[in-house]
Protein chains: 2
Amino acid sequence: MPSEHSSRQYDLDLEEIRSKVLLMGGLVESQFHAALETFRTGDAARADAVIKGDEQVNRLEVSLDDACSHLIVRRQPAANDLRTVMATIKVITDLERIGDESTKIARAARNLQERAVSTINHYETVRTIAENATSLLHDALDAFARLDAAQAASLIAKDELIDYEFRVIMRTLITFMMEDPRTISVALDTLWVAKAVERIGDHAKNIAEYVIYVVEGRDIRHTEYAPKASQQA
Amino acid sequence: MPSEHSSRQYDLDLEEIRSKVLLMGGLVESQFHAALETFRTGDAARADAVIKGDEQVNRLEVSLDDACSHLIVRRQPAANDLRTVMATIKVITDLERIGDESTKIARAARNLQERAVSTINHYETVRTIAENATSLLHDALDAFARLDAAQAASLIAKDELIDYEFRVIMRTLITFMMEDPRTISVALDTLWVAKAVERIGDHAKNIAEYVIYVVEGRDIRHTEYAPKASQQA
């Protein structure tokens, strides 16, 4: 049984890691935002900056994983405390993948920029799904910051909406392509962007699930989650 | 400093987890194989079985994550030993994602089955990339089983080949679609399958990287990996 002193030190160390994970979350949010902007405006230099900026996200992943390992070795947390570290490690992985998906959006923006002219209104096609995924990611990070399981639980349904929107976009783009094969290249770049946005929604949902796991001590991945009565108020 | 007895118990517990992770790996390999078969044959019942079978993969993820947490709490491993558990947790995540990608292949096979007739030779288009990803996954799991960093290092270049093959497939399918818009639906299903296969290659590469991390104690994610001289023999 750790002494109260080492347990308090554990809490301090953990809070320091958590605040760094939140900084990583903020960086990933701004990468995602910038990537969408390059897709809207066709700004190739900014797209390159997003792709380059992913290196910083990757470095943060490695160093924060390392900090979690050190914390475990030094403080030897009990089961309850360990749960938070485990969830933090998973959140770090999801944030890194959101960074990857953002670079895919920037690459699609660059591809599009190299074509003479866009034959469809590519940004308008993904505007709503992008707004929804942006707000889902923001809210998931907020729930993680405040360890708010009720807020986290409310986000899971939002990811389903995003999945639905993606299927609608796919059907729309297929129609464009069939009606006018000259739109195929642009439509496919738009489809990859929509797919990357949809996956960012999945990662944000994962983060929400880990918040619930930390707070309630239940692993709700792969289940039909029903919040505890106390949290429905 | 743990006693020799508890350290030996740690090794036994860890080996038990590792062998279960390898069983999960075998299950995921067979899900991937079956999914590709449904895409080749159009067997809708088998596609449904793959989709249903993902539940078992998901359950394994949750229970193996849990086993890793218990191991850490009970045995309080030193830094060196903890590295293996951390890598195992990451491998479990990658295996679960490979399961997800396999269900996407099965879903595309089901979609295709519902169309009257395939206008392109959809399976032939992905045959080579599928064979390469299958062998990459198999070899990565083998390297993980034997903790063979040299084998793992040799796999990283194979993932680059798979990424290249994906880009070739995409160009080929765009050409098909432009030449004959009636192929668009089937070409897109084929593109999703190729994308899922490409991502399975990425996850297999991640597993190889974790093997190197365990054996050499270096985190080579996001670096240009050069194997140690001793392993180039």
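## Where the chains meet

In this predicted model, 39 residues of chain A are in contact with 39 residues of chain B. Together the two chains bury about 3,500 Å². Carbon and sulfur atoms account for 61% of that area. On the chain A side, three residues lose the most area to chain B: Arg97(A), Trp192(A) and His222(A). Together they make up 17% of what that side buries.

Which surface does each copy use? Of the interface residues of chain A, 100% are also interface residues in chain B, so the copies meet through the same surface.

## How the copies are related

Chain A can be superposed on chain B by a rotation of 180°. The shift along the axis is 0.1 Å, and the RMSD is 0.0 Å. The two copies are therefore related as by a two-fold rotation axis.

## Two annotated spans

An unreviewed UniProt entry places the feature "domain: PhoU" on chain A at residues 22-108 and 127-211. How much of each span is helix? Residues 22-108 of chain A are 94% helix and 0% strand. Their end C-alpha atoms are 27 Å apart.

Residues 127-211 of chain A are 93% helix, again with 0% strand. Here the end C-alpha atoms lie 28 Å apart.

## The largest cavity

The structure holds three cavities of 30 Å³ or more. The largest cavity has about 90 Å³ of space. Which residues line it? Chain A gives Asp65(A), Asp66(A), Ser69(A) and Ile89(A). Chain B gives Met86(B), Ala87(B), Lys90(B), Tyr210(B), Tyr213(B), Asp219(B) and Arg221(B).

Some helices supply at least two lining residues each: α2 (44-75) of chain A, and α3 (79-114) and α6 (184-216) of chain B. By class, the lining of this cavity has five nonpolar, one polar and five charged residues.

## The second largest pocket

The second largest pocket has about 190 Å³ of space. It is lined by 16 residues. Closest to its centre are Tyr213(A), Asp219(A) and Arg221(A) from chain A, with Asp65(B) and Asp66(B) from chain B.

Two or more lining residues come from each of α3 (79-114) and α6 (184-216) of chain A, and from α2 (44-75) of chain B. What classes of residue make up this lining? Eight are charged, six are nonpolar and two are polar.

Terms used. Residues numbered from 1 in each chain as written. Chains lettered and ligands numbered in written order. Predicted model: local features only at pLDDT ≥ 70, side-chain atom pairs only at ≥ 80, totals over all residues. Heavy atoms only, no water. Least-squares fit on C-alpha atoms with pLDDT ≥ 70 in both. Contact = heavy atoms within 4.5 Å. UniProt positions renumbered as here; feature names shortened; annotations may be inferred. Helix = DSSP H or I, 4+ residues; strand = E, 2+ residues; numbered from the N terminus. 1 Å grid on protein atoms, 1.4 Å probe; cavity = no way out; pocket = protein on both sides within 12 Å on 5 of 7 lines; lining within 4 Å. Points joined across faces, edges and corners; volume = space filled by probe spheres on them. Nonpolar A, V, L, I, M, F, W, Y, C, P; charged D, E, K, R; others polar. Buried area = accessible area lost by both parts, 1.4 Å probe.
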